[in-house]
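Dear colleague,

I am passing on the model we spoke about, together with notes on what I found in it. Please look it over alongside the text below.

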Amino acid sequence: MTHEEIKESLSDYFDGQLGPAGTVEISAHVATCPECRAELDALSALSAGIKESLPAPAPAAMKERLLARARQENKPLFRSATVLAVAFAALILVLMAGVAAKKYMPTLFSSVQGMINGAASTLGVSGGNK
Amino acid sequence: MSPEELIEKYSDMAYCLALRLTGNATEAEDLAEEALIKAMKGLPGFRGDSEPGVWVSRIVANCWKNQLRSPRLAFWRRLGGFNSTDGEEQTVDPPDPAPGPELQLEGASRREAFEKVLNSLEPRDRAIVALRELDGRSYTEIAGILSIPEGTVRSRLSRARKKLRGLLGGFLEEK
C-alpha cells in the first residue's frame, strides 16, 4: 500500500477492522511514519472526546415508567385470564351436558343424581335435587 | 431474560444511542421508550441469534428510521440522512458538506464542542459514529443494525471522523 492508501485505511486500522495482513503492513508503516502516527493520535483523541461527551444515563422517569411496564409484562395476567376462561368454558360444558343428559338420558341422569345425593348424604350435606 | 432485566441492562444504552441519533433529549426519550417497549414485546420471540445489545440497538435504529419517514419529522429527510425507501443505500455518497455557519464553537467547553460537532453530522453518519464510538459495535454489526452495506459503514465512518477532526481543531488537543 502507498502512504496515501494507508492514510485512507487508518480509520479501519484504528478500529481493528483490517485483516491480519493489512494490520501488519500498516503497523510497520506507522512505526516509521510520523504523519500517520499523528493521524492515529488524532483518531484516538477524537474517540476519547466522543466517549467523554457521553450524556447522562437514561432519564429516571423514563426508566421507572418502563420498569413499571416490565413488571406488568412479567405478571402472569394473561395466563390467569386464560385459566379462568378455560375453567368457565368447562363449567358451561358440564352444565350443558347435565341438561342434555336429563333430557335425553333420564335413566343415566337419575342414577348420576342418585350417586351425587348418596355421596352428599354420606358427607352430611343435604342434596339439592331430590 | 425478563423484561425487567432488559430495561435495567439496556435502557441507558438505548437512550444514549437515541440521543445521538436524534440530537435532542426529548425526542431521544420518546425514541428510547418506544424502542424498549417494542423490545419487551418482542422478548418472547428473541432467539438470541445476535447479542441482545445488538438486537436492542437494531430496534432503536428501526424506530428512528420509521420516525424519519413520519410526516412529523419529515424535515429530517431534507438533511439527507436515510432515503425514504427502506433505508436502501444511495448509490453515490453526497459530497462532504462544509461546516455550516451555525456551528460556532468559540467559547464552548470541550464537551459542548464535541456535542455540537456530533450533532452537525448527517443523521446516518451520526448513527454510525454513535454505534462505533459509544457502543463499540463492529462494522458488520453496524451494517446489520442500520441495514446498509459494510463498505458504506467503513467509508462514512472514515469521512465523518475527518469532518469531526476538521471541525474540532484545537479542541482535540485539550484535556
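The buried residues of helix 6 of chain B are Pro123(B), Arg124(B), Asp125(B), Ala127(B), Ile128(B), Val129(B), Ala130(B), Leu131(B), Arg132(B), Glu133(B) and Leu134(B), where buried stands for 20 or more other C-beta atoms within 10 Å of the residue's own, exposed for 12 or fewer and partly exposed for anything in between, with C-beta atoms placed from the backbone. Because 11 of the 12 residues of this helix are buried, helix 6 of chain B is largely enclosed by the rest of the structure. The helix covers residues 123–134 and reaches 15 Å from its first C-alpha to its last, close to the 16 Å expected at 1.5 Å a residue, the expected span being 1.5 Å times one less than the number of residues. Just after helix 6 of chain B, Gly136(B) takes a positive phi of about 65°.

Before going further, please note that this is a predicted model, in which local features need pLDDT of at least 70, side-chain atom pairs count only at pLDDT 80 or more, and totals for chains, interfaces and linings use all residues. Residues are numbered from 1 along each chain as its sequence is written, while chains are lettered from A and ligands numbered from 1 in the order in which they are written.

Most residues other than glycine have a negative phi. Ser147(B) sits in the loop between helix 7 (139–146) and helix 8 of chain B, and it is partly exposed, with 15 other C-beta atoms within 10 Å.

Chain B as a whole has 8 helices and 0 strands, these being DSSP runs numbered from the N terminus (H or I and at least four residues for helices, E and at least two for strands). Of its 175 residues, 38% count as buried. Residues 24 or more positions apart account for 64% of the contacts in chain B with a separation of 6 or more, a contact being two residues whose C-beta atoms, placed from the backbone, lie within 7 Å.

Chain A has 6 helices and 0 strands, and buried residues make up 14% of its 130 residues. In chain A, 35% of the contacts with a separation of 6 or more come from residues 24 or more positions apart. Within this chain, Ile6(A), Ser9(A) and Tyr13(A) in helix 1 meet Gly22(A), Thr23(A), Ile26(A) and His29(A) in helix 2.

Where the two chains meet, the contact takes 28 residues from chain A and 33 residues from chain B. The elements that give two or more residues to the side of chain A that touches chain B are helix 1 (3–14), helix 3 (34–52) and helix 4 (60–74) of chain A.

As for confidence, the model scores ipTM 0.71 and pTM 0.65. Chain B averages a pLDDT of 79, and 79% of the residues score at least 70, pLDDT being the predictor's confidence in each residue, from 0 to 100. Among the elements of chain B, helix 4 (residues 74–78) has the lowest mean pLDDT (52) and helix 8 (residues 150–168) the highest (93). Over residues 80–102 of chain B, pLDDT stays under 50, and the model has 29 contacts beyond four places in sequence for them. Where pLDDT is low, the predicted coordinates should not be read in detail.

With best regards
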